[in-house]
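Subject: Structure handover

Hello,

Here is the structure I promised to pass on. Please open it alongside this note; my findings follow below.

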Amino acid sequence: FQIIKYVIIVAVAGASVWVLRLSYRIRETDKLAVQVALITIAGMLLLPASATYHFLMLMLPLVLLLRGKSTWNIWQHILVGCYLMIGFLPYRYFREFDGKQWLTLLAYPRLWIMAMMFIATCFCVVRYSKYNLNSESVMA
């Protein structure tokens with residue numbers, strides 16, 4: 001268990017560093033917002049314990065990634081969907097999987113939702129980094 005824990009931490013940190021390096025291609029006006037969003041979501045993913053009120057802190061990165069855009073791409077839709085699922089998913093249905101070997105992985109839907117939010121954030125940043133630096137704001 002300890003080895004898997006550290007492998008996951010290194011994988012999330014490595015992906016974050018890689019995506020943060022790509023974020024330097026983004027215009028100066030959007031760069032800080034995207035970087036703060038990525039670091040916050042990565043930190044929440046690696047949080048050892050989570051309570052529902054911790055997810056209020058996800059409002060800032062969500063707003064930073066969704067601000068000023070009239071049409072959203074698929075990754076932004078996934079971010080909003082994941083955030084809504086955190087609050088409205090009935091967790092009592094997943095308790096029955098706890099302690100049943102491999103089905104135990106299904107007993108923690110909040111972990112999988114956060115992982116999906118992290119992946120969607122990474123893809124958002126990669127998408128933003130591909131835009132022309134001289135064009136208008138990529139987030140507007």
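**The largest pocket**

The largest pocket holds about 1100 Å³ of space. Keep in mind that this is a predicted model.

Which residues sit closest to the centre of the largest pocket? They are Ile8, Leu45, Leu47, Tyr108 and Leu111, out of 33 residues that line it. Three helices, α1 (2-22), α2 and α5, each supply at least two residues of that lining. The most comes from α5, which gives 9 residues. Sorted by class, the lining has 26 nonpolar, 3 polar and 4 charged residues.

**How α2 and α5 pack**

Two packed helices are described by the angle between their axes and the distance between the axes. Helix α2 covers residues 28-46, and helix α5 covers residues 109-129. Their axes come within 9 Å and cross at roughly 160°. Angles over 145 degrees count as roughly antiparallel, so α2 and α5 are roughly antiparallel to each other. The crossing of α2 past α5 is left-handed.

Which residues make the contact? On α2 they are Val34, Leu38, Ile41, Ala42, Met44 and Leu45. On α5 they are Leu111, Met114, Ala115, Met117, Phe118, Thr121, Cys122, Val125 and Tyr128. By class, the α2 contact with α5 has 14 nonpolar residues, 1 polar residue and no charged ones.

**Where the two topics meet**

Leu45 of α2 and Leu111 of α5 take part in the helix contact. Both are also among the residues closest to the centre of the largest pocket.

Best wishes

Conventions: Residues numbered from 1 in each chain as written. Predicted model: local features only at pLDDT ≥ 70, side-chain atom pairs only at ≥ 80, totals over all residues. Heavy atoms only, no water. Axes fitted to C-alpha atoms, helices over the stretch in contact; angles between N-to-C directions. Helix = DSSP H or I, 4+ residues; strand = E, 2+ residues; numbered from the N terminus. Parallel < 35°, antiparallel > 145°, perpendicular 65-115°, else oblique. Left-handed = near helix turned anticlockwise from the far one by under 90°. Contact = heavy atoms within 4.5 Å. Nonpolar A, V, L, I, M, F, W, Y, C, P; charged D, E, K, R; others polar. 1 Å grid on protein atoms, 1.4 Å probe; cavity = no way out; pocket = protein on both sides within 12 Å on 5 of 7 lines; lining within 4 Å. Points joined across faces, edges and corners; volume = space filled by probe spheres on them.
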